[in-house]
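Colleague: I would like to learn how to read a model such as this one. Please show it to me, and let us go through it feature by feature.

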Amino acid sequence: MIKNPSADIARIKRMIKDKKSVYIRTFGCQMNVADSLVMKSILSDRGFEFTGNLEDAALIIFNSCSIRDHAENRMFSNLGLAMKKNPSAGFILAGCTAKRHGSKLFKRFPRLGAVSAPSEIFSIGEIAEKVIGGGMGIEALAGGVYGFVPRVGDISEYVVIQTGCDNYCSYCVVPFLREGEKYRSAGDILREAECLAASGTKEIVFLGQNVNSYRDENEGDDFPALLRRASEIEGILRIRFLTSHPKDLSPKLIEEFKRNPKLAHHLHLPVQSGSDSVLKRMNRKYTSGDYLKILERLRESVPDIALTADIIAGFPGETDKDFSKTLGLVRKADFDGVFVFKYSPREGTESYKMNDDVKEPAKKERLTAGLALAKELALKKRKAYIGKKVEALFENDDVGHSSQNYLVFKKGAKAGEFGEVVIKGVSGFRLMAE
Ligand code: SAH
Ligand code: SF4
Ligand code: F3S
């Protein structure tokens with residue numbers, strides 16, 4: 001028996017009209033942004049077209065994030081809403097939430113055609129064909145290999161060098177959702193970067209959960225060697241990377257910062273806490289002293305390097321005193337930017353077994369204090385650039401980023417422009433240049 005013929009007919013009409021039009025929405029970290037770009041390239045290779053309007057789409061893909069409860073719930077409510085707005089579309093839930101909840105999601109969302117784990121992004125073509133053809137209950141939750149797809153790039157583009165994570169910080173779901181660390185071959189990475197450069201990309205941002213543990217299993221390149229080789233690609237003017245784990249930041253990488261002029265002077269180095277007992281329970285494998293020493297070494301070698309970090313407020317057992325140590329470290333570190341997150345217990349992780357004893361008002365208070373300090377430092381750091389020169393790359397007309405990853409605004413600058421600009425003032429968090 002045909003269950004809902006009018007919905008099927010509406011979908012077929014849309015397919016003819018819109019030539020397999022797809023709407024993709026991305027949640028979560030840069031890794032998901034990069035995965036969505038890869039999925040887009042694969043789908044456009046197969047004749048799919050993209051729309052920014054979900055009501056026009058024959059296929060809707062949500063690339064999801066489960067890092068915190070709040071992120072997951074927001075994604076679910078958006079998915080439910082999309083299903084109401086466009087009930088005749090096919091739906092794929094890709095990414096970390098698909099991996100986390102798997103086939104249980106078909107019950108909660110009966111219109112869902114497929115669930116697809118992050119490791120399966122290279123199968124998106126087949127999955128999409130099936131779902132757009134009316135397939136339901138499709139599962140692609142394990143396996144998959146990170147492949148290669150030629151991409152046309154913008155001025156700045158992500159290139160994935162490593163997937164998964166072996167660190168098992170006690171609060172974090174990522175190792176369970178993205179599986180163990182795997183490294184792409186230096187050959188594939190450089191080929192992708194070359195393709196991007198040929199299509200006009202000027203900056204590449206290498207991505208992985210822990211880029212410093214990168215190694216090419218055949219050719220033996222470590223991360224600094226990969227950076228060196230990438231900087232030899234013609235047309236690539238600047239290289240960034242994230243994320244680094246403090247325990248793996250090698251002296252060799254610091255040396256590379258000194259000798260490689262194409263490396264941007266910015267490092268995102270999440271610290272998570274300034275209390276050694278909290279760091280221990282987080283399984284971070286360094287102390288606050290170790291961390292500050294690394295920053296010292298970095299600043300000695302690269303005086304104008306901008307340093308940013310993540311911190312978590314309200315980890316189990318964290319006292320007011322612990323959190324003031326975190327604020328103390330943030331001030332000492334004199335960060336250029338800090339992302340502050342409220343602790344969110346995630347089932348399956350080690351800290352889920354600990355008592356989530358910091359009450360919501362205390363978590364909120366710590367979050368607010370962390371954000372206020374982050375803002376104070378960020379503004380101070382930016383104001384210090386007034387009257388100085390910075391190296392800026394403009395990704396769009398008028399708007400670009402300095403080597404330190406500050407947003408730079410220069411009226412009349414054209415997308416792709418690269419060079420030194422003089423900073424005349426600060427507006428919000430933007431450097432205003434001439
Ligand atoms: N691999 C990267 C990114 C991890 S996720 C890294 O190691 O930094 C990004 C940030 O989310 C983390 O740095 C951490 O600050 C935060 N985070 C992860 N799990 C969390 C949780 N359960 N509750 C609150 N914040 C969390
Ligand atoms: Fe999560 Fe830690 Fe891995 Fe980062 S290093 S993804 S915080 S387990
Ligand atoms: Fe979220 Fe997965 Fe990234 S859980 S933060 S999208 S690795």
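**Reading the model**

Modeller: This is a predicted model.

Colleague: Which residues surround ligand 2?

Modeller: Ligand 2 is surrounded by Cys165, Asn167, Tyr168, Cys169, Cys172, Val174, Pro175, Gln209, Asn210 and His245.

Colleague: And how many residues surround ligand 1?

Modeller: Around ligand 1 there are 16 residues, of which the closest are Gln209, Thr243, Pro270, Asp310 and Phe341. Sorted by class, this shell holds eight nonpolar, five polar and three charged residues. Gln209 is listed for ligand 1, and Gln209 is also listed for ligand 2.

Colleague: Let us turn to helices. What describes two packed helices?

Modeller: Two numbers are used: the angle between the axes and the distance between the axes. Take H8, residues 186–198, and H9, residues 223–231: their angle is about 30° and their axes lie 10 Å apart. Angles under 35 degrees count as roughly parallel, so H8 is roughly parallel to H9.

Colleague: Is the crossing of H8 and H9 left-handed or right-handed?

Modeller: H8 and H9 cross in the right-handed sense. On the H8 side the contact is made by Ala186, Ile189, Leu190 and Ala193, and on the H9 side by Leu226, Arg229 and Ala230. Six of these contact residues are nonpolar, none is polar and one is charged.

Colleague: How far apart are the axes of H10 and H12, and at what angle do these helices pack?

Modeller: Helix H10 (residues 251–259) packs against helix H12 (residues 288–301) with the axes 9 Å apart and an angle of about 25°. By the cut-off used above, H10 is therefore roughly parallel to H12. The crossing of H10 with H12 is right-handed.

Colleague: Which residues make the contact between H10 and H12?

Modeller: H10 supplies Ile254, Phe257 and Lys258, while H12 supplies Arg297, Leu298 and Ser301. By class, three residues of this contact are nonpolar, one is polar and two are charged.

Colleague: Now the whole chain. How many helices and strands are there?

Modeller: The chain has 14 helices and 19 strands. Its radius of gyration is 23 Å, close to the 22 Å that the globule rule gives for 434 residues, so the chain is as compact as a globular protein of that length. Along the principal axes, the C-alpha atoms fill a box of roughly 70 × 55 × 45 Å.

Note on methods. Residues numbered from 1 in each chain as written. Chains lettered and ligands numbered in written order. Predicted model: local features only at pLDDT ≥ 70, side-chain atom pairs only at ≥ 80, totals over all residues. Near = placed C-beta within 6 Å. Nonpolar A, V, L, I, M, F, W, Y, C, P; charged D, E, K, R; others polar. Axes fitted to C-alpha atoms, helices over the stretch in contact; angles between N-to-C directions. Helix = DSSP H or I, 4+ residues; strand = E, 2+ residues; numbered from the N terminus. Parallel < 35°, antiparallel > 145°, perpendicular 65-115°, else oblique. Left-handed = near helix turned anticlockwise from the far one by under 90°. Contact = placed C-beta atoms within 7 Å. Rg over C-alpha atoms; globule rule 2.2 N^0.38 Å.
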